[in-house]
Amino acid sequence: MSSETTSTEKAAGIPAGVPASNAEPESNHNVDPVLDGLPPLDTSPRGWLAVVGGFACLFVSFGWITCIGVFQAYYSTHQLRDYSASTVGWIPSAETFMLFLGVPIFGGLFDRLGPTVILIIGTVLHVGGLLGVANCQTYGQFFAAQSIVSAMGTGAIFVAGTTAVGTWFQARRGLALGLVSAGSALGAVIGTAVIPVLFDRIGFPWTMRAVALTYFVFMVVAIATTSRRPRPATTAPAPFRISQLIPVSVLRPGPVLTLAIACFFYFLGVFIPYNYMVVEAEDAGDGEQSANNLLVILSATSTVGRVMPGWLGDRYGRFNTTIAFTVFSVILVLGVWIGAPWKSGRIAFAALYGFGSGTFVSMAPTLIAQVCPDMSKLGLYLGAVYLIIAPSVLIAQPVAGVLADAGNRNGRDPYVWLKVFCALAMVVGIIGFVAARAAYQGHNTKLWKSGRV
């Protein structure tokens with residue numbers, strides 16, 4: 001390749017090492033002569049209908065996962081009160097891990113089968129797992145039903161809803177996936193507000209059955225509305241290989257691997273406040289209802305934080321927007337969560353952190369789609385990145401639990417080391433996003449070069 005061609009590709013924002021024919025152009029997004037006759041990108045009614053289905057998918061998958069702080073606190077004072085915080089922490093930690101582990105498994109299958117079959121499998125696992133949780137009595141039973149069966153279902157639902165929407169959009173992909181991610185925020189708002197009330201009024205078993213029924217209704221809507229953009233008739237799907245279930249080969253391009261490592265470290269810290277704000281508030285004497293309200297506030301503000309950055313990312317660059325909001329989130333952890341460990345400080349932190357951290361939930365799939373050189377393999381690339389992310393969420397909560405147990409209960413802030421760990425992990429992730437941005441531009445030796453990236 002000539003130096004002139006290479007310079008042109010870098011200026012266009014094409015990832016280093018990706019053929020220009022496969023990369024997304026920065027302009028003329030709807031001009032696609034090869035796919036002429038297929039539904040248009042960004043404007044098709046079927047695409048926006050898929051956004052409705054994706055919204056429902058995220059409501060019952062990531063929205064459910066975001067509610068795990070409620071269960072961390074409830075189990076610690078009820079069924080599993082004889083276990084330490086770090087031991088109880090393995091249940092929500094493994095639950096999030098299995099969601100992310102399900103992404104590479106079902107992502108490769110999505111590229112072959114499409115969303116409908118994956119959503120049906122996910123519905124059976126998730127709803128069935130929640131019905132199982134309603135009858136659990138022991139730690140092992142809770143772990144199996146909630147952290148494995150139900151969680152694998154959420155992974156299937158998450159990848160199908162997110163990937164299907166990604167195939168319909170290009171210039172407006174950030175906005176579309178932001179609207180989809182708002183489903184997880186709304187699911188978290190309703191879950192964190194309603195589930196604790198139902199625990200008191202109808203008991204734990206019937207609460208779980210009510211949640212399972214609600215999610216089943218949402219999944220009926222999702223199955224009816226979610227579709228993948230058709231492929232050109234001349235494009236035959238590649239034969240399925242078992243290796244696609246563990247798609248490490250697609251991590252070889254620099255931008256993809258760097259982005260995956262960045263997401264690993266950022267995920268290591270970003271969800272710790274979701275689990276431990278409630279526990280911290282209850283330990284401080286705020287009361288159970290007041291403590292749960294922190295999660296409601298956090299989830300409510302994250303709705304805006306999941307939609308607006310996608311809109312901004314389409315205009316000012318998705319990497320640029322992600323880096324700006326992740327820096328904002330770290331500042332909140334250091335300046336507010338650590339700096340103001342009292343009731344009013346926790347309320348302010350919940351409101352602001354929900355807005356800042358919500359960005360990453362919606363922008364992570366958008367960034368993966370941006371560095372993906374072939375949209376017919378988006379499920380594979382999404383799975384590869386989440387395969388790297390999965391171990392971080394497995395270890396984050398137990399490590400946080402150990403740090404919480406190790407804190408000085410008579411000190412100003414017994415959770416300070418947990419919060420420091422949260423901030424440090426997120427800072428390393430931000431450095432990784434900057435490096436991934438540079439690799440995407442083709443400037444591996446220069447961390448920052450201006451541009452709408």
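This is a predicted model: local features need pLDDT of at least 70, side-chain atom pairs count only at pLDDT 80 or more; totals for chains, interfaces and linings use all residues.
Biologist: How many cavities of 30 Å³ or more does the structure hold?
Modeller: There are 4 of them. The largest cavity has about 90 Å³ of space.

Biologist: Which residues lie nearest the centre of the largest cavity?
Modeller: Ile68, Thr96, Phe271, Asn275 and Gln397, out of 13 lining residues. Helices H3 (62-66), H9 (254-270), H10 (272-283) and H14 (378-406) each give two or more residues to that lining.

Biologist: How does that lining divide into nonpolar, polar and charged?
Modeller: The lining of the largest cavity has 9 nonpolar residues, 4 polar and no charged.

Biologist: And the second largest cavity, how much space lies in there?
Modeller: About 60 Å³. Its lining includes Val70, Tyr74, Phe199, Glu282 and Glu288. By class, that lining has 6 nonpolar, 2 polar and 2 charged residues.

Biologist: Which helix gives the largest share of that lining?
Modeller: H4, with 4 residues. H4 (68-77), H8 (173-225), H10 and H11 (288-316) each supply at least two.

Biologist: Changing topic to H13. Where is the kink?
Modeller: At Met363, shortly before the proline Pro365, and the kink is about 40 degrees.

Biologist: What is the end-to-end distance of H13, and what should the helix span?
Modeller: At 1.5 Å a residue, the 29 residues of H13 (343-371) should span 42 Å. The end C-alpha atoms are 42 Å apart, so the two values agree.

Biologist: Why call H13 largely enclosed by the rest of the structure?
Modeller: Because 23 of its 29 residues are buried, meaning under 20% relative accessible area.

Methods
Residues are numbered from 1 along each chain as its sequence is written. Side-chain values use heavy atoms; hydrogens and water are left out. The expected span of a helix is 1.5 Å times one less than its number of residues. The bend at a residue is the angle between axes fitted to the seven residues ending there and the seven starting there. Buried means under 20% relative accessible area, exposed over 50%, partly exposed in between (1.4 Å probe, protein chains only). On a 1 Å grid over the protein atoms alone, a cavity is a set of points where a 1.4 Å probe fits but cannot get out, and a pocket is an open set with protein on both sides within 12 Å along at least five of seven lines; lining residues have an atom within 4 Å of a point. Grid points are joined across faces, edges and corners, and a volume is the space filled by probe spheres set on the points. Ala, Val, Leu, Ile, Met, Phe, Trp, Tyr, Cys and Pro count as nonpolar, Asp, Glu, Lys and Arg as charged, and the others, Gly among them, as polar.
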